[in-house]
Amino acid sequence: MAQYAQVPFLLPGMHTALQDSVKWNSDWEKLTNQFKHVSPAQFVQSSALQLALESDGMDTSMLQYQGFLGSLVALELALAPDTVRYLSGGLQSKWTEADPAVREKHILIGLSNACSIAKNLHDARIYCGRDFQLSRLRANGEIVLEWLTSLVMPANGRKYSDLLDAPNYIPDPVWDAYAEQQKQSGASDSEKLALGTILVLRSKLIFHVVQYTLKSFMGEDLPTYNVPKFSKKRNPQSAAGLQKSDIEAFTKMMLGKSGAKAYVKENKAAWQDRQKDRKEHCTFVGCMKANTGTEKYPRCKKCWENMKREVVYCSTQCQVADWKSNHKQVCGKPLSFDSVSKPKLTRARTPEEKAPIHATEAGLHSPSMTVPSTPPNPPSRAPVIGPAIGNYKRSPLLTTQIERLNRSPQYDYIITGPVHENFIAYPDDEARPRFRKCREKAMTTGDRESIAIMAHFLCWMTIGSEGAIELGTTPNVIVAQLKKEYLFDELHLAVKEMQQRQNMDPFRRP
Ligand SMILES: [Zn+2]
Ligand SMILES: [Zn+2]
């Protein structure tokens with residue numbers, strides 16, 4: 001076991017992040033200081049050796065890496081609208097002018113929450129060097145803003161659609177230099193996988209820290225994440241390449257006999273606690289829905305039979321979507337780094353995403369939310385949806401929907417499914433005016449009855465329309481989107497009631 005140099009560290013316990021974030025953070029900072037001399041090459045070599053020793057020939061790690069990549073892209077795409085909203089809402093000055101102590105408070109909340117999502121994210125702090133030194137972040141609010149604005153396109157001429165080929169990484173001179181060196185040196189699959197995983201987790205962690213920090217600073221709800229459950233059972237304490245006895249000896253050396261016992265016990269309890277919350281996730285990165293039911297998700301037969309690889313889907317739609325965008329290249333076959341190193345399509349590109357997105361001085365145009373590059377019909381000049389009436393305050397999502405519809409008045413609504421965007425246009429001359437009347441009232445006044453009728457209408461019309469399911473625009477997707485646009489939490493119930501009323505009267509149409 002001793003023929004290679006491991007880099008064993010006793011990492012601060014993840015379970016203390018939220019319990020005692022001040023102590024947890026200072027433990028991390030002490031550790032960061034200790035390993036500032038560890039080079040990227042040492043980190044990569046150590047983790048590559050562990051990977052090479054995996055019993056299943058890295059198959060699980062490859063799949064896991066592909067999942068990390070997909071979730072990094074999904075995170076960046078999800079953060080993009082927040083970024084636009086924050087930056088056009090004057091966040092920069094509020095943040096830099098805030099008292100350093102206030103900034104510190106929110107950064108600590110950001111750090112501890114981001115690190116509490118999952119153990120691999122928590123431990124990725126080891127790859128962030130001095131990035132997260134509290135005093136440095138507090139003194140200079142600019143760093144957090146720099147991370148945030150790295151999501152504003154175009155940076156280096158990139159477009160949002162480019163994220164689907166390669167996500168945004170947070171630049172770092174040391175890691176970047178090593179990555180360049182690795183490209184030239186003909187690295188092995190395990191070395192590529194090790195570096196890839198480190199870089200993805202590092203950026204993921206930083207983006208989550210930015211997300212939680214700024215949400216906390218703005219007084220918004222902190223998001224929660226479901227962590228996928230992996231079928232392979234591992235000892236939580238042992239990195240794959242290390243013998244259990246090595247770890248025990250090392251822990252005893254660091255903490256003494258009773259200290260080591262307590263450390264192991266505490267970590268084990270925390271691990272068991274986390275496992276309880278883990279759920280099976282749909283493999284399709286455009287969905288990733290957690291399984292909350294009692295039945296297991298069905299798995300891909302060929303992957304299971306050939307490779308004992310559990311690839312599960314929540315639905316046939318997701319399996320079809322994943323097959324087209326990704327799975328067909330890897331199904332039932334041994335994986336290589338190249339076959340998993342692209343996030344692949346989290347969803348198909350819309351015409352809009354192919355068009356460049358510009359940041360202007362007046363504010364930022366939102367990412368996947370600008371005009372179609374070539375609308376099928378020239379848009380009319382007069383806005384088709386009027387301004388808000390009275391003191392109705394529109395959500396940023398609703399404002400975006402209205403801007404898009406006003407630019408492309410041939411559409412009645414735009415629903416963003418997990419695979420495609422569905423540009424809904426009713427041909428029915430009788431239905432359209434009624435729908436639009438309802439839409440106008442909902443969008444200008446926030447009238448709840450109108451929103452519910454409109455949602456009901458969209459569900460009803462979309463179910464019957466061809467291709468809706470393939471586009472991923474199911475009633476659940478529609479209602480979930482409208483719920484967010486109109487900040488209408490009980491919309492599901494309201495739509496259900498409409499449906500019940502309709503069932504009782506077969507002649508009633510939405
Ligand atoms: Zn799914
Ligand atoms: Zn398969």
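To start with the setting, how many helices and strands does the secondary structure of the protein chain come to? After that, which residues of the largest nonpolar core touch the most other members?

Modeller: The model is a predicted one, and the secondary structure of its protein chain comes to 22 helices and four strands. Of the 510 residues in the chain, 36% are buried, and among the contacts with a separation of 6 or more, 71% are between residues 24 or more positions apart.

Turning to the part you asked about, the largest nonpolar core has 59 residues, and the members that touch the most others are Ala114, Leu121, Leu201 and Leu205. As background, in soluble globular proteins nonpolar side chains tend to be buried together. The elements that give two or more residues to this core are α2 (21-34), α3 (40-52), α4 (59-88), α6 (100-115), α9 (142-149) and α11 (189-217), and the largest share, 15 residues, comes from α11. The core also draws at least three residues from each of two domains, domain 1 (16-225) and domain 2 (279-343).

Leu201 deserves a look of its own: if residues up to four places away in sequence are not counted, Leu201 touches Phe68, Asn120, Leu121, Ala124 and Tyr127. Apart from this core there is a second, separate one of 27 residues, which includes Ile414, Ile478, Leu482 and Tyr486.

Finally, a word on confidence: the chain averages a pLDDT of 78, with 79% of the residues scoring at least 70. Among the elements of the chain, α6 has the highest mean pLDDT (95), whereas strand β1 (residues 359-360) has the lowest (29). Over residues 345-382 the pLDDT is below 50, although this stretch has 74 contacts in the model beyond near neighbours in sequence. Where pLDDT is low, the predicted coordinates should not be read in detail.

Methods. Residues numbered from 1 in each chain as written. Chains lettered and ligands numbered in written order. Predicted model: local features only at pLDDT ≥ 70, side-chain atom pairs only at ≥ 80, totals over all residues. Buried ≥ 20, exposed ≤ 12 C-beta atoms within 10 Å, placed from the backbone. Contact = placed C-beta atoms within 7 Å. Core = buried A, V, L, I, M, F, W, Y, C linked by C-beta atoms within 7 Å. Domains from an automatic or database assignment. pLDDT = per-residue confidence, 0-100.
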